[in-house]
Amino acid sequence: MEFIHYRHEFKYPLTHGQILMEEARITPLMSKDAHAAPKGYYNIRSLYFDDYENSCYMDNENGVDNREKYRIRIYDHNLDHISLELKQKIRGKTGKRSCAISRSQCRMLMEGQIPPDIGPSQQVLGRLSYLMAVRLMRPVIIVDYDRVPYVYRPGDANVRVTFDRNITSVSNVYSFLDEHIQGRGVMPKGQALMEIKFDDFLPDEIQSLLQLEGLSASTFSKYYLCRKFTLN
C-alpha cells in the first residue's frame, strides 16, 4: 500500500497591506521555490470532482475532519504533465496521493466518462473511476490561481509558505485545458490566501509570521470558496 505523508496545513486570508508586511518578514527567513523561476510565481489550475450529494462541498462547509477531494491539476498550462490527485484530511492533517494521466484520459474525465485504459500505476484514477460509477462523481468546478511559494528547510524543519493570488472560479469545466479561461474572482482585488504547511513543528521565526494584528485562520478551502458561487 502506498505511504501517504501527512502534514499540518493552515490558511490565512490577507489584505494587500498584510501581504506586504508578511512578505517583508519572510524574505530574510525563506527562499523562493525554484519552480517559481523566472517570474517569481507559477499558475495552478485544478478541476475538482464531487458526487451527486455534493459531499465534498458539504463536508467542508460542516467542518467534517476526515474528508477527501479529487482534482486534476496542471501547472503553467503544461499539458505534458497532467496529474490526478486525491487530497485527504485526517485528524487535522492533510495528505496527498497522485498519478499521472494522459490528455485523452483527462478529456474523458472532463466529460464525466471513465477512461478504459487505466494502468496498474494509476491507483488514484482507479479509485476515482469507482466513485464515478457508484457515487456519480463528476467534474464540477475549475479553480485557477497564481502561487508565490517560499521554502524553509534549516535543520529538521520542512516548511512551505505560499501566497495564492488571483483565485478564480470557473464553472465551465470543459475549458480546463484551454490556454485562456474566463471566471469569477473569489476574493477582493489585491487580497491573497497565505498557506503555511509543515511536518511536525513550526520554527519560532515562522511562528512569528502568525502574530500579525488582525490575522485569523480560515477553515474553508479554495475549492469551497470557488464552488459556493455556483450553488448559492
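The largest pocket of this predicted model holds about 820 Å³ of space. A pocket here is an open set of points on a 1 Å grid over the protein atoms alone, with protein on both sides within 12 Å along at least five of seven lines, and its volume is the space filled by probe spheres set on the points, which are joined across faces, edges and corners. Of the 37 residues that line this pocket, those closest to its centre are Glu9, Lys87, Thr94, Glu195 and Lys197; a lining residue has an atom within 4 Å of a point. Strand β4 gives the largest share of the lining, six residues. Other elements that each supply at least two residues include β1 (8-14), β7 (138-152), β10 (192-198) and α6 (222-231). Helices (H or I, at least four residues) and strands (E, at least two) are DSSP runs, numbered from the N terminus.

Residues are numbered from 1 along each chain as its sequence is written. Local features need pLDDT of at least 70, side-chain atom pairs count only at pLDDT 80 or more, totals for chains, interfaces and linings use all residues, and side-chain values use heavy atoms, with hydrogens and water left out.

Val124, Leu125, Leu128, Ser129, Leu131 and Met132 of α4 are buried, meaning under 20% relative accessible area, where exposed is over 50% and partly exposed is in between (1.4 Å probe, protein chains only). These buried residues fall within an arc of 165 degrees seen down the axis of α4, so they line one face of the helix; the arc is that of the directions from the helix axis to the C-beta atoms. They pack against β3 (42-50), β4 (67-75), β5 (82-90), β6 (93-101) and α3 (103-110), contact being heavy atoms within 4.5 Å. Tyr130 and Ala133 are exposed on the face turned away from the buried side of α4. Just after α4, Leu136 has a positive phi of about 55 degrees.

The whole structure contains zero disulfides, a disulfide being a pair of cysteine sulfur atoms within 2.5 Å. The sulfur of Cys106 is 11 Å from the closest cysteine sulfur, in Cys99, which is too far for a bond. For Cys226, the nearest cysteine sulfur is that of Cys56, 15 Å away. Cys106 is buried at 0% relative accessibility, and Cys226 is buried at 0%.

Notes: 1 Å grid on protein atoms, 1.4 Å probe; cavity = no way out; pocket = protein on both sides within 12 Å on 5 of 7 lines; lining within 4 Å.
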